[in-house]
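Colleague: I would like to learn how to read a model like this one. Can we take it feature by feature?

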Amino acid sequence: MPRFAANLSMMFTEVPFLDRFDAAAQAGFTAVEYLFPYEHPAEAVGERLKRNGLTQALFNLPPGDWNAGEKGFAALPARFNDLKASLETALPYAKATGVKRLHLMAGIANRGERVAIEAFYKSVAWAAEFFAPHGIDVVIEPINARNVPGYFLNDFGFARDLIQELRLANLKLQFDIYHCQIIHGDVTMRLREMMPIIGHIQIASIPSRNEPDGEELNYPFLFAELDRLGYAGFVGCEYNPRGKTIDGLAWFKPYAGVKP
C-alpha cells in the first residue's frame, strides 16, 4: 500500500505553516513534504515533525529568488557558487528533519544550449556527491512547460539518461505523475521502465491539479501498480485542494495511518 506524504506547501493552508504538521497528522498522514522550509528555524521544523511522529519525505533545495520567478539555478553556468551555497543552507534542515531525499531544481534555461547542459550535469554531480556522506539522495524532477515555461528539465527521457550516465548511487528521479501525463502521457509504461531509478513520486489530478480522485487518470489503478512494481518510497500529495483540505480527503481514507 502506498505511503502518502502530505505536501504542506499546498495542503492545509487554512493554518500557518508550522501548524500544518499537526493538521496532517490529525488527518492520518504519517509523512509530509513541502517546497521549502527556510523561512522557519530548522529546529522548529524538526520539533513539529517529532511532536507529531511524522517522517520528512522530501523538500527542495533553495531555488534562488522564488518570488522573482527563479526556479533553481543548477542549469545556469553563472550561478554555480549559488548552487554550492544552497547545499550548505539546506544541510542543517536535512539534519534537523532526518530527510533522506532532496530535490535539486534546474532553473529557467534553454536545454538546447550546451553550456546549460554542462552546467546541469556539473551541478547535479556536485550536489549528489555533497550529500552522499550524509546518507541523502538527490532527486531531479522534470516539470511541464505549461506550469513552468522555460524550465530546463522538461523531459523524462533526458532525466533518465543523465541519471544512468552519471551512475551516482544517490542520484534518483522524482517522478511526478501529473507532470509526466502532461509532458508525455503513457504514465504506466514509463513507471514500469523507470522504476529502478525512481526515488520519489508525486500525484495530482490532470488537468486541474486537484485531489487525485478523477479527471484523466485512474489513480486507484496507478496506486495498485506501484505495489505491483514493489515501490517502497513515498507518494507526495502535491495538489491544490478544491476547497478545505480536510473536505477533499475521501480518496485518502483507505490509506490513512499507513506507517513509513
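Modeller: Start with one residue and its neighbours. This is a predicted model. Asparagine 7 touches Glu33, Tyr34, Gln202, Cys237 and Glu238, leaving aside residues up to four places away in sequence.

Colleague: Where does asparagine 7 sit? And is asparagine 7 buried or exposed?

Modeller: Asparagine 7 belongs to strand E1, residues 3-7. Its relative accessible area is 1%. Buried means under 20%, so asparagine 7 is buried. Its side chain also reaches the backbone nitrogen of serine 9, at 3.0 Å.

Colleague: Glu238 was among those neighbours. What does asparagine 7's partner glutamate 238 touch in turn?

Modeller: Glutamate 238 touches Asn7, Met10, Glu33, Leu35, Glu141, Asp176, Gln202, Ile203, Ala204 and Arg209, not counting residues up to four places away in sequence. With arginine 209 there is a polar contact, side chain to side chain, at 3.1 Å. Glutamate 238 is found in the segment after strand E8 (234-237). At a relative accessible area of 7%, glutamate 238 is buried.

Colleague: Which residues does UniProt place under "active site"?

Modeller: An unreviewed UniProt entry gives that feature at Glu141 and Glu238. They span 98 residues in sequence, yet no two of their C-alpha atoms are more than 13.0 Å apart, so they gather at one spot. Both Glu141 and Glu238 are in the lining of the second largest pocket. Treat the label with care, because annotations may be inferred rather than shown by experiment.

Colleague: Where is glutamate 141 placed, and what does glutamate 141 touch?

Modeller: Glutamate 141 lies in the loop between strand E5 (137-140) and helix H5 (156-166). Its relative accessibility is 3%, so glutamate 141 counts as buried. Not counting residues up to four places away in sequence, glutamate 141 touches His103, Tyr151, Leu153, Gln174, Asp176, His179, Gln202 and Glu238.

Colleague: How should I read the record's domain label?

Modeller: As an annotated span, then check it against the coordinates. The unreviewed UniProt entry puts "Xylose isomerase-like TIM barrel" on residues 21-254. In the model, that span is 38% helix and 14% strand. Its end C-alpha atoms lie 20 Å apart.

Colleague: Next, the core. What is the general idea?

Modeller: In soluble globular proteins, nonpolar side chains tend to be buried together. Here the largest nonpolar core has 86 residues. Phe29, Phe120 and Phe175 have the most contacts inside that core. Take phenylalanine 175. Its contacts include Phe156, Cys180, Val187, Leu191, Met194 and Ile198.

Colleague: Cys180 is on that list. How many disulfides does the structure hold?

Modeller: A disulfide is a covalent bond between the sulfur atoms of two cysteines. The structure holds 0 disulfides. The sulfur of cysteine 180 has its closest cysteine sulfur in cysteine 237, 18 Å away, too far for a bond. Cysteine 237 is likewise in no disulfide. Cysteine 180 is buried, at 0% relative accessible area. Cysteine 237 is also buried, at 0%.

Colleague: How do I read a helix?

Modeller: An α-helix has 3.6 residues a turn, so residues three or four places apart point the same way. Then ask what is covered. In helix H1 (residues 17-26), 7 of the 10 residues are buried. They are Phe17, Leu18, Arg20, Phe21, Asp22, Ala23 and Ala24. The cover includes E1, strand E2 (31-33), helix H2 (42-52) and strand E3 (55-60). Just after H1, glycine 28 takes a positive phi of about 105°.

Colleague: Which residues other than glycine have a positive phi?

Modeller: Phenylalanine 12 is one of them, with phi near 60°. Phenylalanine 12 lies in the loop between E1 and H1 and is buried, at 5% relative accessible area. Aspartate 186 is another, with phi near 55°. Aspartate 186 is placed in the loop between helix H6 (177-183) and helix H7 (187-194). Its relative accessible area is 49%, so aspartate 186 is partly exposed.

Colleague: Which peptide bond is cis?

Modeller: The bond from isoleucine 206 to proline 207 is cis, with omega near 15°. Proline 207 is found in the loop between strand E7 (198-203) and helix H8 (219-228).

Notes:
Residues numbered from 1 in each chain as written. Predicted model: local features only at pLDDT ≥ 70, side-chain atom pairs only at ≥ 80, totals over all residues. Heavy atoms only, no water. 1 Å grid on protein atoms, 1.4 Å probe; cavity = no way out; pocket = protein on both sides within 12 Å on 5 of 7 lines; lining within 4 Å. Helix = DSSP H or I, 4+ residues; strand = E, 2+ residues; numbered from the N terminus. Buried < 20%, exposed > 50% of the residue type's maximum accessible area, 1.4 Å probe, protein only. Contact = heavy atoms within 4.5 Å. Polar contact = N/O pair within 3.5 Å; in protein donor to acceptor, adjacent residues only side chain to side chain. Core = buried A, V, L, I, M, F, W, Y, C linked by side-chain atoms within 4.5 Å. Disulfide = S-S within 2.5 Å.
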